[in-house]
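Please have the sequence and the model open while I talk.

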Amino acid sequence: MENAFAPISEACVKALSDKTYEKRKVAALEIEKMVTDFKSKKNMPQIKRIIDVLSKDFVRSNDSNKKKGGLIALAATSIALGKDTEKFIEDIVNPIMNCLIDSDNRVRFFASESLYNVVKVARGAVLPFFPSLFNALSRLVTDPDQSIKNGSEILDRLLKDIVIESSQTFDLDAFIPLVRERIMVKSSFARQFIISWISVLNAVPEINMVVFLPEILHGLFQMLEDPLPEIQRMCESLLAQFLKIIKAEPGAADIPQMTNVLIVQAQSNNPLIQFYAITWIKEFVQLSGGEILRFSSGIFTAILPCLAFESESKKHIKDCANAVNLNLLELVSNGEDKQKNLGYLDLNSVMEVLRQYLVHSPVPTKIAVLKWVHHLFTEVHDEMSEHANKLFPVLLRDCLSDSSDEVVLQAIVVLAEIVNSATVKGNDFDQTQYRQFLVELLNLFSENNTFLEKRGTLIIRQLCRLLNAEYIYRTFAEILLEERINLKIASTMVRTLNMILLTTSDLFDLRNMLHDIRNEKSASLFECLYKCWAHCPVSTLSLCLLAQCYQHVSEIVTLFADIEITVEFLVEIDKMVQLIESPIFASLRLALISHSNDNADAQHLSRALYGILMLLPQTEAFHLLNNRLKCVPNYWNQPNKISSTSTNESQCNINFSELFTYFKYIQDLHHQKRVEKRKKNQF
């Protein structure tokens, strides 16, 4: 009967199928000699026949021993063929690779060993099968059998050497999809395999891996979270190599596409990924110039939360994010290309992001956002004006209510810039946006009286620094003049405004203006403030003292006998006495001994202060004022009737009689409100 395995002898077939490795090895050596002989005779059909038999009847057999024998024999065949292996490469390689997924560990081991021997002989001839080889290797490196894993490492090194040798003909376009498919693997061994391949190819001068970097960058960053320090180090080193190449040849890199990847990675919860992503963004900002501003909204999303990091372990991330923020600010601030750079900025998306971070964000983040908003208003006011309406509610309701003074102050800077830039377009202070802003602010104070008490002074002082203090006070007064329902908020607001007026150095010019009511503009302001200040008796008194209306002061003090003296009233009087001793009222103290105006002002002032003294219980304030009055000449022996033409009031165009009537009217309203409240409390 004819041998079905010819030209392989039956004895060789039997040995090749034996369960012992030694017999299979001897049979493989016999086949190697046979192939060598056929090769010398150039009998390629017989060699093809041997390969077909080994493949079909052995390697593809269900018998594991036959598989092992066939694998050894195919490797022996390749060794015998030498360079001629290339002629049969597909018939040899494909059956072997099929065995790499066999369920039997030993079959997989012999398959990897056999493949190594074939590749070692074939060298560059195996490159057409590179995708299949790469797939096979990517599985082998994660094989649970250590011997197979070790064998795969040897095969891996060999294949890398071959690729480097053939770098000019290596199909990189076919390689990248293979990497992209596997780069998101979680196995540390698989990650190590992928990183090593990318590193090797990146090191080859003829291969430009940077071109393909956008496709694999996301996966590389994800590998930084690997639990094995060795994998982290490999990945860090590879990323550093890529960044070095990009910095040397930025034109070769697709920075825009990679920036989108980095923005996502910079929002990772993993500190290492976050740091490297922001580091890359920082470098890209410096390399790209104004064009990077296209990605401003995304970059803000990435870096703004990092500005609030407080732990020492994240300080390097915070510092890097700060550097990115400053670099972006420079791009829209300085240089000849400022206008061109601003053209890259998508204000709608930028403002949407900035507005979101003004709410429920840590203080450093809010500060950075507010500085950006202010900066944009100063640089591109016309374009930003359409965003003002959306910003106002956030700035007023969220930022001004923030627990941080720094946030509040910076928010006022932004609000002032918005208001001021609108106001300067006209000559009159009564601009719609200006007034609307102060109305909204007053509404905010009305809704939360505690907020007014805690933050009112800080907010109003800052506004007076940044805007026209006269406009601020006049507009507030005009708005409060219309208040007839919530008299409590009106009096509280007046008390706050008055204390700021009398104590803040920034209001020096405003105090000086009120000091001379003979001036028409000053008189107009005084009248406006007076009608508002009438909600608070002691504040009215202070305002008149500041304006040197001493005759009117004495008339108001006389009226105090008919006003309900409350604890709140006495506390205010106490504070006013303290202020009389302050530098702001130095002119008042000197007026007590002045001979100008026929001593009229001095006498009215003296009698007014004695009236205040009589209202005070004998507290520290009483003794303070009493001691001051002891230094004053005794005017009680002077004629009771003082010339009305000698006082400051007589030298201005203010109708103090009308003001006095209005003051009594407002005080009557307050009295009625208190009575109504008491009646309600009784029930």
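Let me start with a question: is Arg-455 buried or exposed? Before I answer, a word on the basis: this is a predicted model, in which local features need pLDDT of at least 70 and side-chain atom pairs count only at pLDDT 80 or more, while totals for chains, interfaces and linings use all residues. Residues are numbered from 1 along each chain as its sequence is written, and side-chain values use heavy atoms, with hydrogens and water left out.

Arg-455 counts as buried because its relative accessibility is 11%, where buried means under 20% relative accessible area, exposed over 50% and partly exposed in between, with a 1.4 Å probe and protein chains only. Arg-455 sits in helix H24, residues 449–466; helices here are DSSP runs of H or I with at least four residues, numbered from the N terminus. Setting aside neighbours within four places in sequence, Arg-455 is in contact with several residues, including Leu-400, Asp-402 and Val-408, contact meaning heavy atoms within 4.5 Å. With Asp-405, the side chain of Arg-455 makes a polar contact of 3.1 Å (a pair of N or O atoms within 3.5 Å; within protein, one must be able to donate a hydrogen and the other to accept it, and residues adjacent in sequence count only if both atoms are side-chain atoms).

The structure holds 31 salt bridges, each defined as a side-chain nitrogen of Lys or Arg within 4 Å of a carboxyl oxygen of Asp or Glu.

Lys-160 and Asp-156 form one of them, at 2.9 Å from N to O. Both residues lie in helix H8, residues 146–165, and are 4 residues apart, about one turn of the helix; Lys-160 is buried, and Asp-156 is buried as well.

Another salt bridge joins Lys-338 and Glu-379, with the closest N and O atoms 3.0 Å apart. Lys-338 lies in helix H17 (residues 338–343) and Glu-379 in helix H19 (residues 363–379), so this pair ties together parts that are 41 residues apart in sequence. Lys-338 counts as partly exposed at 21% relative accessibility, and Glu-379 counts as partly exposed at 24%.

A further salt bridge, between the side chains of Lys-41 and Asp-37, has an N to O distance of 3.4 Å; here Lys-41 is exposed, with a relative accessible area of 59%, whereas Asp-37 is partly exposed at 33%.

Finally, Lys-488, Arg-495, Glu-568 and Glu-572 are linked in a network of salt bridges.

Technical notes
Helix = DSSP H or I, 4+ residues; strand = E, 2+ residues; numbered from the N terminus.
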